Amino acid sequence: QLPPYFYAAWVACRLVPVNKVSPRDLPPGVSPASRPLNIGGAERRAITRAYFDEGLKTTYNSILGPVQNGVGVKGGISVTAIGVQAALDANPDFGIIQGDIKNGYNEVARESVLNAIRSAGTLGDTLAFSHALLEPEAYVGMGSGTGLFTAPFKMVEGVHQGAVESSWYFSITCNRAFQNLREYLAPSGGGVQAIIDDNYSFGRPDVIFEANKAFAADLAIVGLELQPAKSQCYIRPGLRDSNWDALRGDIPNGLLRDSSGEAVLVDGTPQYGITVCNVPVGEQAFVEGYLAQRLTRITDGYQRAKALLDPGRWPCPDVPTRQMLWILTVACFQFMGDYWLRHVRPDFTGAFARGIDSGVWDLVQACVGTDTSKWTNIALARARLPMRERGCNLRGAADRRFAQFVGCLGHSAIALIDRTDSDGNMIPGRLNLPSVVGMLGEGTFNHPIEAPWGTLLNESSPSSNLAAGLKYSWHHLQSSFQEASPPMRANDGSLLLNQDASHAGFYPDGSFARSITNAITCELERSRAIALDETITSTLPRNSYARWAWEGWGQTSAMFLQSPPDELGHLGDNEFPVAFATYLGQACPAVAPLVGRYFGKKGTVLDEFGANLAAASLPGQGHRRLHNLLQGLLQSMMELGGVYSTKEAVNFLLGHVPDPFISRYIRHVSQCPNARNAPFGMIPDLHAQNYPTGRQRVNDSGSHLSAEAIFEVKTFVACNSRYGNNNSQISPANRRAKQVCQTYVLKTKKLDNKFAPEIVGDGTGNVVGPFQTMLGRFYRGQVLPVCAGWFGEINIDFDKILRQLARKAAAGDHGLRISPLINNDRKGGAFPIMLHQFRRAIGVAIVRGNAQHKLGRLHYVRATPEEAADACRANHSSNRWNSQRHGQSNWFSQHTPDGYETYEQFRNGYDHCVP
């Protein structure tokens, strides 16, 4: 028992008015209606979330079933939407009422809540806890932040919307009324489904309206009011006659209405239907008209986002508007219509889905800064593939709607009727009406499932929405799959998409995937990726830039496409379009105005990809910039994991090569002004003293082994020597890594020939000298290659290094500070989070560095070969501008902040505006 003041503070809340309708969707001058929302404290949510554990939820569900689908029922909204359609399909003469309870959460009587809990029998031990929540009069705050003030009233009735316990309390209070309604409708074959306070009762017209009146009387007992004027009803055409109008009384027919509330007329006729959890149910014209209205709202939102993130509005390239718009598009905007695609038969959603796709591609065009209609068919096909299949995750809604509907139907229909599990236990259905059981088939979903859709497809009438949608979807999916699949996959009987329609979404043994939609989509996309690979390799030559982009793809290549613009993944507005075009192997938008002009001393003609400009030998730091960045990132990762490393350690051979050979080598290197460029010098980019090599195999202590390791960082650009090979056997990055290892072996042989001739002779006798022996004493007996390609890919060894360092970092002090509550990069513990961060940092750094490399060379492009040669000579190191001659010191140049260029831009007034 806690002090009384605790309970008063515990139930305090903040009142927030939430608009039921966006003001943008209302006529000018009309104020939107608001829903009063009470928000409780975080401590209360934490306690009640722990209190309502799985056992208590199961107890509540046993009481609330089978009517209430809004709490504790997985996919309850889908079960309700599909269940209502199933009931209407099975009973064409049924009518339906969409009920509305006035301010249900705010007006339910608290005494009724406690009485319902007390009378439930199995909830008696929760009564004291519930009383502590509901008995105190709650203080109400209004406003927010420092402007928060106490309202002149207290909350004495109702429950808090959004609180963990509120849905359960509201449902248990209304349960008797809902159960009475179900029992009233059951003798005539009708039923009722509910999502909290939204309810849908269906049955014979002469029954449902009388039942609805009794339902209103039952709700009044617990302090709630059913609003007939805000309810709606629907029955199929031909049955909507004078008798129907007499029975429905003041409950209006459901109509398609515009934003002003007026009925939408087609050829002078209104369109009839209702919405079940915002899913349109009714005449085809009503469904398509409702979806058209939703499409308008969605695409208007697209345009507002596009205008807000227009690069012209934010001309500073450091503001990553393109990247932000892309992340919103690929992670959110393209899926805004999926709710309706899942619940509405796909032959009704074609125009809606195509409108979504059109709006999404308009956003993509704004992101990439180029006309996507000019992309090749290969690039467009690749963009529609998921990132794991070397695509961009731009899955079209018009294509996805079929798998969405089959997946939703599979997971929802199985929950409607009684079924047995693998242990023979009976699982009660949520809508086990005789008509629904007859339509789906009694025992159809009993374990093992043999023909889940046999009865539905064979016994349903042509007007059945579910049967027609399933046939239409499965036919389209199988046609697309057979068209894309090679013979081996097309004839693989274990795949979902090779099952007949009676097994749609189910494997041959009757099992089904955790997500049917995902399983179907993955099979189809895998076949399309295989077909695209065959198309690319058979139609594009090995020197094709688009083929290089496809074959050079690696897991890190797509990291920039899923990375937010934080400190690890930032891409400026001038870099993102370049990176995107490179990823797909398309013409570079930054280079497009200059194609055909010249660069370099030899006057090379610039290609449309800018690949030859990036690969050319031109003045400036060039390729070294990305090399140094990767070298520094890798060293920072080692430091995070407690691995001591040294950059370009000149004397790393000390202690590994005996005298006098090492003395000869040291004297030779020390005589050169730049040790790294010394002839016969062998200086790795990184030398680690205690690199982790794995776990001990002798005992169970779990301690790690470590060894000395040397690393060589290599970057390479898109050129024929790196990518124009047979990449089916070995990727360009792994080929380059193999070359690095071979180069180090050759270096040691040259060192033996130079500094240990008395041992190896002239080098033709295959005698292993001290320097070559030295290489075998480091981890894995070789250098560890760290290779980064032009398309963001890395070699296998590099990925293994990242994995090893992430595991080491996660086991250290830094890993202890990582919490999934504040870091949502990846699910799981510290290791997957660290590994994802490392991969993202490396992947984005490579893509950004290559884009900057190309952009940094555009100033060498000139209109004539002579001008190009002059520009090249003017920027050569012998003629380079010297800041010391202009009164400025250059000692701080390497530490200049990134934002300094933006400041100089502001001072000079270049491209500056206030948005």
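Which residue in E7 stands opposite Ile96? Phe202 in E7 takes that place. The structure described here is a predicted model, in which local features need pLDDT of at least 70, side-chain atom pairs count only at pLDDT 80 or more, and totals for chains, interfaces and linings use all residues. Residues are numbered from 1 along each chain as its sequence is written, and side-chain values use heavy atoms, with hydrogens and water left out.

**Overall architecture**

- The chain contains 35 helices and 20 strands; helices (H or I, at least four residues) and strands (E, at least two) are DSSP runs, numbered from the N terminus.
- The C-alpha trace of the chain spans about 110 × 70 × 65 Å along its principal axes.
- Of the 915 residues in the chain, 50% are buried; buried means under 20% relative accessible area, exposed over 50%, and partly exposed in between, with a 1.4 Å probe and protein chains only.

**The sheet that contains E3**

- Four strands in the order E6-E7-E3-E8 form an open sheet with antiparallel pairing; two strands pair if DSSP finds at least two bridges between them.
- Strand E6 (191–195) and strand E8 (232–235) are the edge strands, and each pairs on one side only.
- On average, neighbouring strands of this sheet are turned by 15° against each other, direction ignored; the axes are lines fitted to C-alpha atoms, for helices over the stretch in contact, and angles run from 0 to 180 degrees between N-to-C directions.
- Strand E3 (residues 95–99) is joined by five bridges to strand E7 (residues 198–203), and the two run antiparallel.
- Within this pair, Gln98 stands opposite Tyr200 in E7.
- E3 is also joined to E8 by four bridges, again with an antiparallel run, and the bridge partner of Ile96 in E8 is Tyr234.
- E3 is largely enclosed by the rest of the structure, because five of its five residues are buried.
- Gly95, Ile97 and Gly99 point one way from E3, while Ile96 and Gln98 point the other way, and all are buried.

**The sheet that contains E1**

- A mixed pairing is found in the open sheet of four strands with the order E2-E1-E4-E5.
- Strand E2 (34–40) and strand E5 (149–155) stand at the edges with a single partner strand each, so one side of each is left without a neighbour in the sheet.
- Strand E1 (residues 13–19) runs antiparallel to E2 and is joined to E2 by seven bridges.
- One of the residues in this pairing is Cys13, whose bridge partner in E2 is Gly40.

**Helix H16**

- The 17 residues of helix H16 (residues 397–413) should span 24 Å at 1.5 Å a residue, and the end C-alpha atoms are 23 Å apart, which agrees; the expected span is 1.5 Å times one less than the number of residues.
- H16 is mostly covered, with 14 of its 17 residues buried.

**Cysteines**

- A search of the whole structure finds zero disulfides, a disulfide being a pair of cysteine sulfur atoms within 2.5 Å.
- For Cys522, the closest cysteine sulfur is that of Cys392, which at 17 Å is too far for a bond; Cys522 counts as partly exposed, at 26% relative accessibility.
- For Cys787, the closest cysteine sulfur is in Cys741, and the separation of 8.0 Å is too far for a bond; Cys787 is buried, with a relative accessible area of 0%.

**Cavities**

- The structure has four cavities of 30 Å³ or more; on a 1 Å grid over the protein atoms alone, a cavity is a set of points where a 1.4 Å probe fits but cannot get out, and lining residues have an atom within 4 Å of a point.
- The largest cavity has a volume of about 90 Å³, where a volume is the space filled by probe spheres set on the points, and grid points are joined across faces, edges and corners.
- The largest cavity is lined by 13 residues, of which Ala579, Thr582, Tyr583, Trp790 and Val847 are the closest to its centre.
- Helix H23 (576–584) and helix H33 (830–855) each supply at least two residues of this lining.

**Arg597**

- Arg597 lies in the loop between H23 and strand E15 (598–599), and counts as partly exposed at 37% relative accessibility.
- Arg597 and Ala863 are 5.3 Å apart in space, C-alpha to C-alpha, although 266 residues apart in sequence.

Notes: On a 1 Å grid over the protein atoms alone, a cavity is a set of points where a 1.4 Å probe fits but cannot get out, and a pocket is an open set with protein on both sides within 12 Å along at least five of seven lines; lining residues have an atom within 4 Å of a point.
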